[in-house]
Amino acid sequence: MSLKMKWILAVSIIVVLLVVGWFLGTRLTVKKYEVSSAKIEKEIKLVQLSDLHFSEFGDGNEKLLSKVADLKPDVIAITGDLFDRQGDSVPKELIKKLTKIAPVYYSPGNHEYDVKSAYEEDYKPFLEEAGVINLEDKTATIEVNGQKLQIAGLRSSANLDYDYPYYKEGLAEIKKQQDAQYYQILLSHMPDYFELYVENGFDLTLSGHTHGGIVRLPYTNIGAIAPGPQRTLLPEYVYGEHSKDGKTMIISAGLGAGSLHQKAFPRLGNPYEIVAVTIKPETK
């Protein structure tokens with residue numbers, strides 16, 4: 001094969017990969033996980049939504065809502081960046097419809113703190129009026145299918161440094177409200193502090209923020225970058241399921257491309273996703 005033909009072949013392969021990657025990055029998918037625990041007696045179906053960033057899937061997000069409804073969740077968990085500088089019409093309309101499907105629990109992300117004044121004065125009261133349980137350094141003891149469990153939310157911050165002390169402080173506040181006899185779920189926008197979440201006894205942590213690594217090797221957990229504290233190429237906590245000491249963290253690739261300037265970076269090999277987690281009794 002001549003050098004010219006090799007170059008043509010190489011360029012052709014790259015183009016095909018880019019096209020396939022772009023196609024995958026425009027799809028709305030459902031990513032399913034299963035976890036088990038001796039603390040659970042009856043199966044629980046949980047749906048996680050993260051990083052909406054003003055995205056719409058069909059008119060009024062009808063495609064997104066249809067997929068969520070089809071999953072028949074017992075609980076819907078939203079892990080931040082529901083609101084950002086792009087406005088509030090899309091997330092507000094979505095929330096009103098989600099609360100008709102299942103109870104909704106929410107923990108804010110860093111973009112809520114980019115619009116802190118609007119979040120405090122408008123969005124928080126709206127969520128309360130809509131019936132959403134807003135968890136900011138709080139734990140709610142809930143009953144699902146006749147069994148009690150606890151779901152907590154760690155509020156995020158616009159400060160994206162690893163040494164920012166808030167995360168330890170917030171977890172310490174939540175720790176006071178925990179009862180170890182119950183299955184513990186944590187909604188935390190930032191996945192970077194998984195070791196802290198494990199140390200504080202959370203059986204399942206649901207995170208987002210990383211947008212699946214923006215560019216991801218299809219069908220793997222390997223993503224190129226993570227905004228925020230990790231700030232490295234091929235970061236460890238960027239997507240998918242991670243386990244340590246019997247505890248699990250699931251990182252959603254999210255529903256949005258980011259706000260404003262972040263949309264300049266297309267998602268490649270990285271579909272938008274709804275996360276569906278089935279929590280099962282532990283088999284003996």
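# Briefing on a predicted protein chain

At 0% relative accessibility, threonine 205 counts as buried, and this residue is one of several that are described below. The structure is a predicted model, so every value here should be read as a property of that prediction. The protein chain contains seven helices and 12 strands, and of its 284 residues 54% are buried. Among the contacts in the chain with a separation of 6 or more, 71% are between residues 24 or more positions apart.

**Threonine 205 and threonine 248**

- Threonine 205 belongs to strand 9, which covers residues 204–207, while threonine 248 belongs to strand 11, which covers residues 247–251.
- Setting aside residues up to four places away in sequence, threonine 205 touches Leu186, Ser188, Tyr197, Thr248, Met249 and Ile250.
- Threonine 248 has a relative accessibility of 10% and therefore counts as buried, since the cut-off for that class is under 20%.
- When its neighbours within four places in sequence are left aside, threonine 248 is in contact with Val35, Phe194, Asp203, Leu204, Thr205, Glu241, His242 and Ser243.
- Threonine 248 and isoleucine 185 are 63 residues apart along the chain, and their C-alpha atoms are separated by 9.8 Å.

**Helix 2 against helix 3**

- The axes of helix 2 (residues 62–70) and helix 3 (residues 89–98) come within 11 Å of each other, and they cross at roughly 25°.
- Because of that angle, helix 2 is roughly parallel to helix 3, the cut-off for this description being an angle under 35 degrees.
- The crossing of helix 2 and helix 3 is right-handed.
- On the side of helix 2, the residues that meet the partner are Leu64, Leu65 and Val68, and on the side of helix 3 they are Leu94, Lys97 and Leu98.

**Helix 3 against helix 5**

- Helix 3 also packs with helix 5 (residues 116–130), at an angle of about 20° and with the two axes 10 Å apart.
- Helix 3 and helix 5 are therefore roughly parallel to each other, and their crossing is right-handed.
- Helix 3 contributes Lys92, Ile95 and Lys96 to this contact, whereas helix 5 contributes Asp122, Tyr123, Phe126, Leu127 and Ala130.
- The residues in the contact of helix 3 with helix 5 divide into five nonpolar, no polar and three charged.

**Aromatic pairs**

- The structure holds six aromatic pairs, and one of them is formed by tyrosine 167 and tyrosine 193.
- The rings of tyrosine 167 and tyrosine 193 are stacked, with 4.4 Å from centre to centre and 20° between the planes.
- Tyrosine 167 lies in helix 6 (residues 166–175), and tyrosine 193 lies in the loop between strand 8 (183–188) and helix 7 (194–199), so the pair ties together parts that are 26 residues apart in sequence.
- Tyrosine 167 is buried, with a relative accessible area of 2%, and tyrosine 193, at 6% relative accessibility, is buried as well.
- Tyr166, Tyr167 and Tyr193 form one aromatic cluster.

**Positive phi values in loops**

- Asparagine 145 sits in the loop between strand 6 (138–144) and strand 7 (147–154), and its phi is near 55°, which is a positive value in a residue other than glycine.
- With a relative accessibility of 35%, asparagine 145 counts as partly exposed.
- Isoleucine 214 is found in the loop between strand 9 and strand 10 (240–244), and its phi is near 65°, again a positive value in a residue other than glycine.
- Isoleucine 214 is buried, with a relative accessible area of 14%, whereas asparagine 145 is partly exposed.

Methods
Residues numbered from 1 in each chain as written. Predicted model: local features only at pLDDT ≥ 70, side-chain atom pairs only at ≥ 80, totals over all residues. Heavy atoms only, no water. Axes fitted to C-alpha atoms, helices over the stretch in contact; angles between N-to-C directions. Helix = DSSP H or I, 4+ residues; strand = E, 2+ residues; numbered from the N terminus. Parallel < 35°, antiparallel > 145°, perpendicular 65-115°, else oblique. Left-handed = near helix turned anticlockwise from the far one by under 90°. Contact = heavy atoms within 4.5 Å. Phe/Tyr/Trp six-rings, centres within 6.5 Å; stacked < 30°, edge-to-face > 60°. Buried < 20%, exposed > 50% of the residue type's maximum accessible area, 1.4 Å probe, protein only. Nonpolar A, V, L, I, M, F, W, Y, C, P; charged D, E, K, R; others polar.
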